[in-house]
Amino acid sequence: MYDTPAHSRAKPARTRRPTAAEVAAIFEADYLGYQYRLVEFLAEHLADVSRTFDGDMHAPVILTNIGQVSLQATAAARDGGKSLGDTPADRRGMTACRLADVTGIPRETVRRKLAGMAERGWIERQDGYWVLTLAGEEARVRQDILPLHRRSLQRAARLYCQLDEVVKAASLQK
């Protein structure tokens with residue numbers, strides 16, 4: 001028995017990925033299918049975050065905002081062949097006032113939460129900005145919440161697969 005030469009094997013046709021607007025329309029059309037999966041994800045994730053932070057939901061919201069700025073700075077540093085530690089604080093952190101504005105959490109509460117996270121060694125103040133404390137090129141907080149991170153990764157992957165099925169099912173109905 002002879003194999004078909006590699007160059008003559010039929011390649012699967014590439015399907016065009018739907019745009020964000022098309023996916024939103026699919027989710028709107030299958031509201032129950034989409035909403036159930038999203039609410040399942042959120043309920044499980046928020047409960048896990050709440051348990052990890054001993055019921056304090058303000059701290060993870062604040063930490064997430066600082067982390068988002070830090071991730072953006074990390075990507076820019078890496079693209080420029082530099083270290084995150086060499087990036088100025090204003091590029092990798094946020095002020096308490098900005099955090100209060102972005103999150104809607106009262107300023108005094110933000111300041112209290114920042115002080116608590118600083119005591120844990122997760123963040124530090126540099127030039128008026130709150131930045132993630134680094135251990136090399138990695139945020140120290142990451143090690144403390146690594147179990148949450150791993151569970152979150154699994155949840156996000158499951159949500160992606162579930163929502164991809166909703167989109168694929170809608171595409172097959174066309």
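Tutor: Here we test the terms on this model, one at a time. It is a predicted model, where local features need pLDDT of at least 70, side-chain atom pairs count only at pLDDT 80 or more, and totals for chains, interfaces and linings use all residues. Residues are numbered from 1 along each chain as its sequence is written, and side-chain values use heavy atoms, with hydrogens and water left out.

Student: What makes Asp48 and Arg51 a salt bridge?

Tutor: A salt bridge needs a side-chain nitrogen of Lys or Arg within 4 Å of a carboxyl oxygen of Asp or Glu. For Asp48 and Arg51 the closest N and O atoms are 3.9 Å apart, so the pair meets the rule. By this rule there are 10 salt bridges.

Student: Where do Asp48 and Arg51 sit relative to each other in the helix?

Tutor: They are three residues apart in helix α2 (residues 31-52), about one helical turn. Helices here are DSSP runs of H or I with at least four residues, strands are runs of E with at least two, and both are numbered from the N terminus.

Student: Why is Asp48 called buried, and why is Arg51 called exposed?

Tutor: Buried means under 20% relative accessible area, exposed means over 50%, and partly exposed lies in between (1.4 Å probe, protein chains only). Asp48 has 3% relative accessibility, so it counts as buried. Arg51 has 58%, so it counts as exposed.

Student: What other partner does the side chain of Asp48 meet in a salt bridge?

Tutor: Asp48 also meets Arg151, at 2.8 Å from N to O. Asp48 lies in helix α2 and Arg151 in helix α8 (residues 146-172), so this pair ties together parts that are 103 residues apart in sequence. Arg151 has 36% relative accessibility and therefore counts as partly exposed. Salt bridges that share partners join Glu44, Asp48, Arg51, Arg151, Arg155 and Arg158 into one network.

Student: Which residues of α2 are buried?

Tutor: They are Gly33, Phe41, Asp48 and Val49. These cover an arc of only 110 degrees around the axis, which puts them on the same side of α2; the arc is that of the directions from the helix axis to the C-beta atoms. The face turned away from that buried side carries the exposed residues Leu32, Tyr36 and Arg51.

Student: What makes β1 and β2 edge strands?

Tutor: The three strands form an open sheet in the order β1-β3-β2. β1 and β2 each have a single partner strand, so one side of each is left without a neighbour in the sheet.

Student: Which residues touch the most other members of the largest nonpolar core?

Tutor: A nonpolar core is a set of buried Ala, Val, Leu, Ile, Met, Phe, Trp, Tyr and Cys residues joined through side-chain atoms within 4.5 Å. The largest has 23 residues, and Leu114 and Ile123 touch the most other members. Its largest share, five residues, comes from α3. Leaving aside neighbours within four places in sequence, Ile123 is in contact with residues including Leu63, Ile66, Leu114 and Trp130. A second, separate core of nine residues includes Val23, Ile26, Phe27 and Val167.

Terms used: Two strands pair if DSSP finds at least two bridges between them. Contact means heavy atoms within 4.5 Å.
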